[in-house]
Amino acid sequence: MSGTTLDDFTGRYAQRIHGMAQSEIRALFSVASRPEVVSLAGGNPYTAALPMDELSSMFHDLLHTSGPQSLMYCPGQGNPRLRELLSELMSESGIDSSPDDITITTGAQQGLDLIARVFLDPGDIVLAEGPTYVGALGVFQAAQADVRHLPMDEDGLLPDALRETLAQLDRLGRSAKFLYLVPTYQNPAGVTLSEERRDEVVAICHDHGLLIVEDDPYSQLTFDSTDPTCSPAVEPLTPASGTARPPAPLRARTDWGIIYVGTLSKIFAAGLRLGWVLAPPAVRDKLVLAAEASILCPSAFTQEAAVRFFTTMAWREQIKSFIAIYQERRDTLLNSLSAHMDQGVTWTKPGGGMFVWAQLPEGLNSKTMLPRALNERVAYVPGTGFFADGGGQAQMRLNFSFPSAEEIQEGVRRLAGVISEEMALRASFDR
């Protein structure tokens, strides 16, 4: 019977639909995008810093010289020339790869979705940092996986917690399908897995035969040459960001059992939706099959644009431009937090990337506080969006890549006022 429920097709959906939920970040967009709201909520790169005149000429030339080919279908694995260029890019971080083992995806998000399609059955266990990337949580939950979080500190994932969790699963006769990590300038926490811990995590996973999915969107956005998490483990051929480099990726340490996910969204243009997955040959073949079943092939036009970005434009200088802007805004955010926040509020101090993770005083809840913040015209992402188990109630993610320095200062001032009011209200109830 039609009209008896809000959704007349409720009984016809696949079981996996019940695991899908709207991202808390996406749910904020309609409100946070209003001009009177200072949004510290998004994760957008500052695309206004791109050289639009040069890009216009590049796209014009692309259509003029290669229009019919770039507007046609392409191989399901992706443009061979782009795969060669991405292999060269990864080599600068110490990753030894073959272009044949790279699969081009529609953004890194599709790469995560393909990995889930290939590996996850309902009920399978996935280990992830706590907090972790909200987009990955959406993929894993849609696959009906059981996500188990592992704690972190300022040096990233705690290896002892990984070791203990794997031992507990062994005792129960269970195993995890893979460990998902964002080890460098993590989203949302902004922390970087230390050099020593990277080796330890790789060793633990190797001993247990556990796959690692390494998501690496931010390592090109390194700010400080004095960043304590930086290590000279790998000397880049021609570093885009001066002498500062984060620790080498996990995939640079071994090619066994690590699936590496990359993206051009943070160093070129998020709207082109270009990412890639570097995987062992057997896994690569299955990823290509899954991709072809999903989208047939990635966009030939955006791939050719990326090829020209790397071969005809000053892309390293462009990354330096992003870094300069983001570092200034990161500093503005950290200084504003120090100037305005009450005692009891703490936050991470990232050496790169786009995010700061803030801890609220005891008793405050970032999700229930959000309506008050929006009423005061400031937005953030509650920490609950980054946990599968209901955690993160006392945390929030703050973005510094997109808002201007002036907006960041005003946003933090407004947010500090909201937190002070919440603390006063809490104290009143306590009395």
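**Entry 1: the sheet**

I began in strand β14, where Leu 398 is the bridge partner of Val 356. The model is a predicted one, in which local features need pLDDT of at least 70 and side-chain atom pairs count only at pLDDT 80 or more, while totals for chains, interfaces and linings use all residues. Residues are numbered from 1 along each chain as its sequence is written, and side-chain values use heavy atoms, with hydrogens and water left out.

Strands here are DSSP runs of E with at least two residues, helices are runs of H or I with at least four, and both are numbered from the N terminus. I looked up what β14 (residues 395-399) pairs with, and found five antiparallel bridges to β11. Gln 359 stands opposite Gln 395 of β14. Gln 359 is also the bridge partner of Thr 346. Strand β10 (residues 346-347) runs antiparallel to β11, joined by two bridges. Two strands count as paired if DSSP finds at least two bridges between them.

Buried means under 20% relative accessible area, exposed means over 50%, and partly exposed lies in between, with a 1.4 Å probe and protein chains only.

**Entry 2: helix α12**

Which residues of α12 (residues 366-375) are buried? I listed Ser 366, Met 369, Leu 370, Ala 373 and Leu 374. They line one face of the helix, because seen down the axis of α12 they fall within an arc of 145 degrees. The arc is taken over the directions from the helix axis to the C-beta atoms. On the other side of α12, Thr 368, Pro 371 and Asn 375 are exposed.

Asn 365 caps the N-terminal end, with a side-chain oxygen 2.8 Å from the backbone nitrogen of Lys 367. Just after α12 comes Arg 377, with a positive phi of about 65 degrees. Arg 377 sits in the loop between α12 and β12 (378-379) and is partly exposed, at 38% relative accessible area.

**Entry 3: the cores**

I looked up the largest nonpolar core next, and it has 106 residues, with Phe 140 and Tyr 180 making the most contacts inside it. Helix α11 (residues 315-340) gives the most to this core, nine residues. A second, separate core has 19 residues, including Leu 162 and Ile 212. Such a core is a set of buried Ala, Val, Leu, Ile, Met, Phe, Trp, Tyr and Cys residues joined through side-chain atoms within 4.5 Å.

Leaving out residues up to four places away in sequence, I found Tyr 180 touching, among others, Leu 112, Phe 140, Val 213 and Asp 215. Contact means heavy atoms within 4.5 Å.

**Entry 4: cysteines**

How many disulfides are there? I counted zero, a disulfide being a pair of cysteine sulfur atoms within 2.5 Å. The sulfur of Cys 74 has its closest cysteine sulfur in Cys 297, 4.2 Å away, so it is too far for a bond. Cys 74 is buried at 18% relative accessibility, and Cys 205 is buried at 0%.

**Entry 5: backbone exceptions**

Most residues other than glycine have a negative phi, and most peptide bonds are trans. I noted a cis bond from Gly 130 to Pro 131, with omega near 10 degrees. Pro 131 is in the loop between β3 (125-130) and α5 (134-142). The bond from Asn 187 to Pro 188 is also cis, with omega near 20 degrees, and Pro 188 is in the loop between β6 (176-181) and α7 (195-208).

Tyr 185 lies in the loop between β6 and α7. Tyr 185 has a positive phi of about 50 degrees and is buried, at 1% relative accessibility.

Terms used: A polar contact is a pair of N or O atoms within 3.5 Å; within protein, one must be able to donate a hydrogen and the other to accept it, and residues adjacent in sequence count only if both atoms are side-chain atoms.
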